[in-house]
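Here are my notes on the model you sent over, point by point. Have the structure open while you read.

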Amino acid sequence: MVEVIMPKMGDGMEEGVIIRWLKQEGDPVEDGETIAEIGTDKANVELPASGSGVLGGVRYKDGDTVPVGQAMAYILASGEEPPKADAAPVVAAKKEPDPVVEVAEKPTIRENDRIKASPLAKKLATASGVNLKEVAGSGPHGRIVQRDVLAAQSIVPSKAPVSTAEPIPYLRKLIAQRMTEAKQTIPHFYLTIEVEMDAALALRKQLNEVEDAPKVSVNDLIVKACALALERHPNIYAQIKDDQLAHPPSIDIGSAVAVPNGLLVAVVKSCEKKSLRQIAAESRALAEKARDGKLMPDEMSGNVFTVSNLGMFGIDEFSAIINSPATAILAVGATKKTPVALEDDSIVVRQVLKVTLSCDHRTIDGASGAIFLQDVKQNLEQAIRLVG
């Protein structure tokens with residue numbers, strides 16, 4: 001008998017959602033065959049069977065949230081029976097008494113009476129949709145005045161458009177939860193610097209003229225520049241774990257990828273050891289897997305540093321929220337032609353990019369973050385470093 005448990009598929013994962021069972025109670029399954037689709041805080045992933053037999057003792061249904069490590073079902077050999085599930089006590093919900101709705105006394109409709117109302121009251125009634133036949137006058141001899149119409153407005157049904165609503169997709173709900181938690185618990189501060197990209201763009205053009213070689217994007221240049229700088233600044237690539245400052249053994253850098261209903265982070269491992277073209281090829285492959293919903297948990301975790309690039313959408317600059325357990329994220333804007341003043345006071349036009357580093361102040365100080373950014377800037381402005 002093999003337990004089908006809710007797997008732990010990423011740092012900080014405590015529970016997952018059964019998006020859907022692909023096998024039902026009594027279905028035969030083969031070792032490695034996909035039997036369910038699981039929703040995590042980062043993506044939906046396929047759950048393979050860890051044995052062959054018949055699926056039985058299914059404890060949870062589609063849409064249920066299950067703690068990590070909890071048995072969800074069993075794969076049974078011939079003649080085996082699943083263990084009995086613990087019967088949870090059923091507690092009848094206490095029925096709350098229906099709320100008492102107080103109905104305002106409706107004014108008497110005076111169909112046949114001549115309506116006595118002040119000009120201001122008539123004008124106000126027309127504008128607000130109040131029927132003067134249903135308004136009791138408080139003026140002399142029952143005359144309707146302004147205050148009567150104002151009071152009647154409160155009982156006229158609103159003509160505001162009806163809003164629509166739809167269920168929040170699971171990934172969107174988790175992003176909302178994690179970003180809210182990150183913004184509330186991580187002490188963010190932000191550093192922005194301008195980078196002249198002419199040398200980096202010239203290098204990219206040269207590299208991309210080579211046939212049958214992976215195309216290099218601006219984002220790839222930035223990831224490589226950050227990896228080289230992070231090697232020299234281990235204090236930036238660190239995180240707090242169990243009251244200790246931990247330094248991961250390799251520089252894994254995540255790149256934010258927009259997907260339907262949310263955002264995923266695809267992580268390239270050991271960027272400090274890889275060439276620019278290797279980073280480009282892996283980044284492209286991971287982004288395609290992210291958009292197809294096929295990223296594996298290991299491909300979405302382990303990074304302490306992330307790059308988020310909105311330059312392709314024409315965004316000049318922005319500040320990103322750190323997604324724990326990362327401790328810094330670099331927000332990248334668009335590269336634009338910009339007049340630049342040189343030391344001799346002459347003006348030249350350069351390709352300028354603005355980047356903003358969001359720092360976790362528990363591990364990064366302002367000065368150390370600034371020096372790191374200067375290194376990233378130099379790596380891009382002296383782009384030959386990226387292929388060294």
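This is a predicted model: local features need pLDDT of at least 70, side-chain atom pairs count only at pLDDT 80 or more; totals for chains, interfaces and linings use all residues.

1. Overall picture. Residues are numbered from 1 along each chain as its sequence is written, and side-chain values use heavy atoms, with hydrogens and water left out.

2. Secondary structure and contacts. The protein chain has seven helices and 17 strands (DSSP runs numbered from the N terminus: H or I of at least four residues for helices, E of at least two for strands). Take the contacts (heavy atoms within 4.5 Å) between residues at least 6 apart in sequence: 62% of them join residues at least 24 apart.

3. Helix 2. In helix 2 (residues 146–153), the buried residues are Asp148, Val149 and Ala152. They sit on the same side of helix 2 because they cover an arc of only 95° around the axis (taken from the directions from the helix axis to the C-beta atoms). What do the buried residues of helix 2 pack against? Their partner is helix 1 (119–128).

4. The largest pocket. Its volume is about 1000 Å³, and its lining runs to 41 residues, with Ser255, Ala256, Val257, Ala258 and Asn309 nearest the centre. That lining divides into 23 nonpolar, 11 polar and seven charged residues. Among the elements that each supply at least two lining residues are helix 3 (170–185), strand 12 (253–259) and strand 14 (305–309). For the terms: a pocket is an open set of points on a 1 Å grid over the protein atoms alone, where a 1.4 Å probe fits, with protein on both sides within 12 Å along at least five of seven lines; lining residues have an atom within 4 Å of a point.

5. Serine 308. This residue is in strand 14 and counts as buried, at 11% relative accessibility. Leaving out residues up to four places away in sequence, serine 308 touches Ala256, Phe318, Ile329, Leu330, Ala331 and Val332.

6. Lysine 23. Look in the loop between strand 2 (15–21) and strand 3 (28–29). Is lysine 23 buried or exposed? Lysine 23 is buried, with a relative accessible area of 17%. Its side chain makes a polar contact of 3.0 Å with that of glutamate 33 (a pair of N or O atoms within 3.5 Å; within protein, one must be able to donate a hydrogen and the other to accept it, and residues adjacent in sequence count only if both atoms are side-chain atoms).

Note on methods: Buried means under 20% relative accessible area, exposed over 50%, partly exposed in between (1.4 Å probe, protein chains only). Grid points are joined across faces, edges and corners, and a volume is the space filled by probe spheres set on the points. Ala, Val, Leu, Ile, Met, Phe, Trp, Tyr, Cys and Pro count as nonpolar, Asp, Glu, Lys and Arg as charged, and the others, Gly among them, as polar.
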